[in-house]
Amino acid sequence: MQGFYSKLDSSPSSSPLLGVGLGREGAPVPLSLAVETEKAQALLQTFSSASLLASAGLGMFCVVADHALQLSVIQHHLWLRAALDNATHGLIGLWSWAVVIGLRKKSDLYEVLLAGLLASIIDLDHFYMAGSLSLKAAVSLPQRPPLHCSSLIPVLCLSLRFLMWIGRLKDAWCSLPWMLFISMVTHHVRDAVRHGLWVCPFGNTAPLPYWLYVSTTATLPHLCSVLMYLTGTRDVISTKHGVAIDV
Ligand SMILES: [Zn+2]
């Protein structure tokens with residue numbers, strides 16, 4: 001029978017060595033081995049040709065979108081330029097998270113949409129700092145708004161992880177800090193081409209070279225996947241999504 005989805009229990013309280021799964025030939029396989037195999041498969045999937053193609057496409061999308069934004073018809077309309085620029089942030093965040101998790105089922109779609117939303121709403125801090133809904137005021141601030149401080153990224157992601165641990169949120173939420181991480185980093189790196197990275201309280205770096213922004217954006221989902229694997233989040237995700245085992 002094809003496509004049987006095993007629900008492996010990855011909670012630390014369980015005793016994986018006691019459990020058994022079924023291998024390709026129907027022979028019993030220790031559950032710990034099945035979990036390790038699952039983790040390895042999740043990591044290999046990160047470097048599959050489909051995944052590499054998707055991240056190359058992401059890099060190309062950055063170049064095409066940024067060139068399109070330079071069109072005079074867009075540049076001459078402040079709201080249109082701001083809306084399309086923000087939509088580009090959102091699509092890059094969405095695409096990056098899609099490369100990390102792979103689109104396999106409907107709930108994955110909700111996840112990537114959330115990642116896109118997170119990457120977009122960062123710019124709302126322009127309005128917060130301007131204290132008005134005037135776009136003109138929001139784009140001509142004397143200093144950069146708070147969510148654009150890159151030092152906040154590890155603080156926010158680790159705080160979120162801590163809160164989830166305190167609240168004992170289920171595995172279904174395990175990837176949320178990583179989603180926030182990738183959404184914020186892609187946004188900051190893209191903004192850094194014009195403004196540099198703002199590493200408060202130390203100040204701004206020089207503007208990032210364009211090639212560095214594109215290559216960082218295209219590489220980040222793979223780096224994120226490897227970090228998730230190393231920190232044990234990756235196998236929780238693949239367990240959550242289920243593993244196809246032929247029996
Ligand atoms: Zn921004």
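Trainee: Before we start, how are residues numbered, and what pLDDT do local features need?

Mentor: Numbering starts from 1 along each chain, as its sequence is written. The model is predicted, so totals for chains, interfaces and linings use all residues, side-chain atom pairs count only at pLDDT 80 or more, and local features need pLDDT of at least 70.

Trainee: How many helices and strands does the protein chain have?

Mentor: Helices (H or I, at least four residues) and strands (E, at least two) are DSSP runs, numbered from the N terminus. On that basis, the secondary structure of the protein chain comes to 11 helices and 6 strands.

Trainee: Is valine 112 buried or exposed?

Mentor: Valine 112 sits in helix 5, residues 106-121. A residue is buried if 20 or more other C-beta atoms lie within 10 Å of its own, exposed if 12 or fewer, and partly exposed in between, with C-beta atoms placed from the backbone. Valine 112 has 20 other C-beta atoms within 10 Å, so valine 112 is buried.

Trainee: And leucine 109, is that buried or partly exposed?

Mentor: Leucine 109 also has its place in helix 5. Its C-alpha atom is separated by 8.1 Å from that of alanine 98, 11 residues apart along the chain. Because leucine 109 has 13 other C-beta atoms within 10 Å, the label is partly exposed.

Trainee: Which residues does valine 112 touch, not counting residues up to four places away in sequence?

Mentor: Two residues are in contact if their C-beta atoms, placed from the backbone, lie within 7 Å. With residues up to four places away in sequence left out, valine 112 touches Leu94, Trp97 and Ala98.

Trainee: How far apart are the end C-alpha atoms of helix 4?

Mentor: The expected span of a helix is 1.5 Å times one less than its number of residues. Helix 4 (residues 78-101) has 24 residues, so it should span 34 Å. The model agrees, with end C-alpha atoms 35 Å apart.

Trainee: What is the arrangement of helix 2 relative to helix 4, roughly parallel or roughly antiparallel?

Mentor: Their axes come within 10 Å and cross at roughly 175°. Angles under 35 degrees count as roughly parallel, over 145 as roughly antiparallel, 65 to 115 as roughly perpendicular and the rest as oblique; axes are lines fitted to C-alpha atoms, for helices over the stretch in contact, with angles running from 0 to 180 degrees between N-to-C directions. Therefore helix 2 is roughly antiparallel to helix 4.

Trainee: Where does helix 10 bend?

Mentor: The bend at a residue is the angle between axes fitted to the seven residues ending there and the seven starting there. In helix 10, proline 221 follows within four residues of the bend, which is about 40° and falls at leucine 220.

Trainee: Which residues does a cis peptide bond join?

Mentor: Look at the loop between strand 4 (198-199) and strand 5 (203-204), where proline 201 is found. With omega about 5°, the cis bond joins cysteine 200 and proline 201.
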